[in-house]
Amino acid sequence: MTDDLKNLAGEMRRRNIPPRYVAAQLKRGVPAQDIIAAWPVRPHLDRIGSRQWRRRLLIATYGGWLLVALLSKLLSAGDQRFLILPPILLANAVAALILLNRRTFLNREVLARDSGLDERLVQNRNRAFRLAFQMFAPIALIGWLISFLAFQLEGTERGTGDGFLIYMGVALLGTTLPTVIWAWREPDPPEPEPPAT
Amino acid sequence: MSPSIQNRIAVLRAERGLSRQQLADALDINVQTVGYLERGDYNPSLELAFRIAEHFGLPLEAVFSRQPFAPMSSQLYRKEESA
């Protein structure tokens, strides 16, 4: 019995079966195996995750960069601990992209050709790229200006650290912004439904 | 934001015993798009709207409307009474 329930819980996650549906079926006396058998395994590419989860991930990604920027201001460039910051930044960006890809596949849609997308997805992708460009261009320009000023005012050593940080921030935006905009705006996925009989 | 267009896709799909995936395959669109259409999160293009109506074998105005739809059963009952 415990094994059955454990198996059911695992299959509920795998097949995205709503708990309310399972509870109703169990109440009606439907065996766990029949409930599971009625639901096909979720197609991998249709996983987009909840909007709340996606937004948290995106805030964590850009928040990670802000945290590193703050730490770099507290540590001096000569400090050995300063060297740990670039790997943290890189790991943060890579982790976000992997999680977005594994859990949502939104990046795949951003990168897909028109023929692989329906009209809604084409519209979403175009909107994401348009907004990303509108946001990225001024940020990159301001970033360039600040890093130039940092070199002029802070000298080579400190200015290099700040310049690198700005470069990483702009690179993070450049590589993630279209996906991030898409992930931020895409509504929650529709409630899963039992298969048609 | 564009004004929401009402549709009967969910009702028609349920009536015909189709899953979202089956309807998505028939219309050559993403399965999530079917869900968003049903929920009113996405307004289809005219071309897709026609394809949907043709798939159900109904005129466009029977599937889409700018005003909220009356329940199909009451419309049907009224039609039968007036006949």
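These questions and answers look at how terms apply to this predicted model.

Residues are numbered from 1 along each chain as its sequence is written, and chains are lettered from A, with ligands numbered from 1, in the order in which they are written. Because the model is predicted, local features need pLDDT of at least 70 and side-chain atom pairs count only at pLDDT 80 or more, while totals for chains, interfaces and linings use all residues.

Q: Why are α4(A) and α7(A) called roughly antiparallel?
A: Happy to show you: the axes of α4 (residues 51–74) and α7 of chain A cross at roughly 175° and come within 11 Å. Axes are lines fitted to C-alpha atoms, for helices over the stretch in contact, with angles from 0 to 180 degrees between N-to-C directions. Angles over 145 degrees count as roughly antiparallel (under 35 is roughly parallel, 65 to 115 roughly perpendicular, the rest oblique). The two helices are therefore roughly antiparallel.

Q: What makes the contact between α4(A) and α7(A), by class?
A: By class, it has 8 nonpolar, 5 polar and 2 charged residues. Here Ala, Val, Leu, Ile, Met, Phe, Trp, Tyr, Cys and Pro count as nonpolar, Asp, Glu, Lys and Arg as charged, and the others, Gly among them, as polar.

Q: What makes D28(B) exposed?
A: D28(B) has 9 other C-beta atoms within 10 Å, so it is exposed. The cut-off is 12 or fewer such atoms, with 20 or more for buried and partly exposed in between; C-beta atoms are placed from the backbone. D28(B) sits in the loop between α2 (20–27) and α3 (31–39) of chain B. Its phi is near 60°, a positive value in a residue other than glycine. Most residues other than glycine have a negative phi.

Q: Which residues make up the largest nonpolar core?
A: A nonpolar core is a set of buried Ala, Val, Leu, Ile, Met, Phe, Trp, Tyr and Cys residues joined through C-beta atoms within 7 Å. The largest has 11 residues, including I9(B), L23(B), L37(B) and F64(B). In chain B, α1 (9–15), α2 and α3 each give two or more residues to this core.

Technical notes
Helices (H or I, at least four residues) and strands (E, at least two) are DSSP runs, numbered from the N terminus.
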